[in-house]
Amino acid sequence: MMRCFFRTSGIDLKVVEKFPHVHRNEHGYGTKLWKSKATRFFRCQSGESDKALMQRWKKTQEVRALKEMAVSTTTVNTSICNGIGILEFLSGKTCFITGATGFLAKAVVEKILRSAPDVGKIFVLINAKSHEAAVDRLNSEIIDSELFQSLKQRHGKYYQDFMLRKPVPVVGSLCESDLGMDANLISEIAEEVDAIINSAANTNFMERFDVSLNTKTLGARQLVDFANKYCKNLRVFLHVSTAYFNGEREGMIMEKPFHMEESISKQKAISEFPPLSYPLLNLDSELETALDSKVAFEGNLEDQKMRESGFERARIHGWHNTYEFSNALGEMLINSMRGDIPLVIIHPTIIESTLEDPFPGWIQGNRMLDTMILSYGKGNLPSLLLNSEAVVDVIPVDMVVNAIIAAMAKHGIAGEPGIKVYHVASSAVNPLLLIDVFKYSYEHFICSPINNMETEGIKEIKLFSSMDNFSHIQTEIAQQRRFTISGSNSNASHRLQKKCKTILEHAMDFARSYQPYTFFRARFDNSNTHNLMEGMSEEEMTRFQLDVESVDWEDYITNIHIPGLKKHVMKGRGMPK
């Protein structure tokens, strides 16, 4: 603050206090301007000189300052009041987003448009044969999506005009050089883009090795290469990966990136005494292996052999499946290629339906937890291989969206080279036991069964802690059911026996596929994300909710998530008639 003193008459002293005002330009940088904020008059005593008057004024101000200090503990720091500056950053900015027709990135697009309607363009990379086909996908999968109903209500009859101006469909592919884009469009994007969000994903644990590498590894490399070659005004590059690519790690997993040739097997081996040998991880070799395998397995068994090859390569290096392995390799590539680009890596855990924003329960497609919940609700998963103390780290999608936007703004404003990792996770601060997920699911399905299924058909799930016990009991259950139905007529008996066999195979497949997660022994530290939240203003905390500690998991599972699955995934088929 700066003060100016003016003698306005023989008895008055005019005090003008000037306060610095920060004016932010379109890139978020601040320029300090001085503005007059307060003007006060101080009454002179008879015969008092200017010097004496000013000394008495200063003494009065010192007394006032001491009084203000007494209540200063209740005053919030100015930087906290201003917060990160999320909306200020978004204003006028141009974003480039991949995966926008998918679950998470679609929610990111919606939140940006709803929170900051003055945002610039949002270029949306869409894999399509033509511009017309890309526009059709934009309309059907984004503009007409039920997720955007709040935005539609807000803009009313101008909604279509708004949506045709903001999201811009871009025909291209992450698997191609320069993203397979038209040269003229490359020039436009390179000139305008301020932020890149890479949220292209394939969450299929059983995916072919080559397909999984294309999406999360080679695709990531193509996008960073594109950013380095063309996007000279880029403020931040944000890459969405997963926290669940830490393989066989245990304990508290910190918010750190993977580096080139770093593997889980290597970390475990060198932690032993004496250190053990371990297989070397070479990215180029893994890519060659995938290509060679594709050629070798071409034919009827190609899909199955490529899946098996991916699982084998992942497990050699300490990961459970190709989903985890390809995500880790992609992160290594991005980290090694980033140069001076400010890089933010978001590690969400198991992303599920919205908690509240823009409305509770929205979800797109079956997520990891949902297949188990719905199979249990349909009576197809009567038992499960499970450690009763296993924690399943769930996070509502709207919190992941808020973390992405807040981190993008924070590092976009700073514009400093470097890398920062954020775990968007719940297990360290508000753990949810997997056994409780089934307990809450049971409570829901007893009151609101799927379709016309009788509530008597819903039983509390049986848990087994070893594969031997699980396999033995499943076989016994199948034999008992066959014996029970053997007296039925032949057609009914055949159908019931076939159903029993299907349920048995279903349970065994679940046990094998999900064992790494039903016996998961790690937690995810979220200190960086907590600090991100702490840096927000009160208004930002309200608009961009990140407080996972406040989530009531029982209420979320029973009253928000499962009803959301019935409505948005089962399309109402699981709703009561």
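Trainee: Which residues lie nearest the centre of the largest pocket, and how many residues line that pocket?

Mentor: Ala200, Ala201, Asn202, Thr203 and Arg367 lie nearest its centre, among 45 lining residues. The model is a predicted one, in which local features need pLDDT of at least 70, side-chain atom pairs count only at pLDDT 80 or more, and totals for chains, interfaces and linings use all residues. Residues are numbered from 1 along each chain as its sequence is written, and side-chain values use heavy atoms, with hydrogens and water left out.

Trainee: What makes one space a pocket and another a cavity?

Mentor: On a 1 Å grid over the protein atoms alone, a cavity is a set of points where a 1.4 Å probe fits but cannot get out, whereas a pocket is an open set with protein on both sides within 12 Å along at least five of seven lines; lining residues have an atom within 4 Å of a point. The largest pocket holds about 1,100 Å³ of space, and the largest cavity about 120 Å³, a volume being the space filled by probe spheres set on the points, which are joined across faces, edges and corners.

Trainee: How is the lining of the largest pocket divided by class?

Mentor: The lining has 21 nonpolar, 21 polar and 3 charged residues, where Ala, Val, Leu, Ile, Met, Phe, Trp, Tyr, Cys and Pro count as nonpolar, Asp, Glu, Lys and Arg as charged, and the others, Gly among them, as polar.

Trainee: Why is α14 called mostly covered?

Mentor: Buried means under 20% relative accessible area (1.4 Å probe, protein chains only), and 9 of the 10 residues of α14 are buried, so the helix is mostly covered. Met368, Leu369 and Asp370 are among the buried residues. Helices here are DSSP runs of H or I with at least four residues, and strands are runs of E with at least two, numbered from the N terminus.

Trainee: What makes β6 and β14 edge strands?

Mentor: Two strands pair if DSSP finds at least two bridges between them. The 7 strands form an open parallel sheet in the order β6-β5-β4-β7-β8-β10-β14, and β6 (167–171) and β14 (418–424) each pair on one side only.

Key. Buried means under 20% relative accessible area, exposed over 50%, partly exposed in between (1.4 Å probe, protein chains only).
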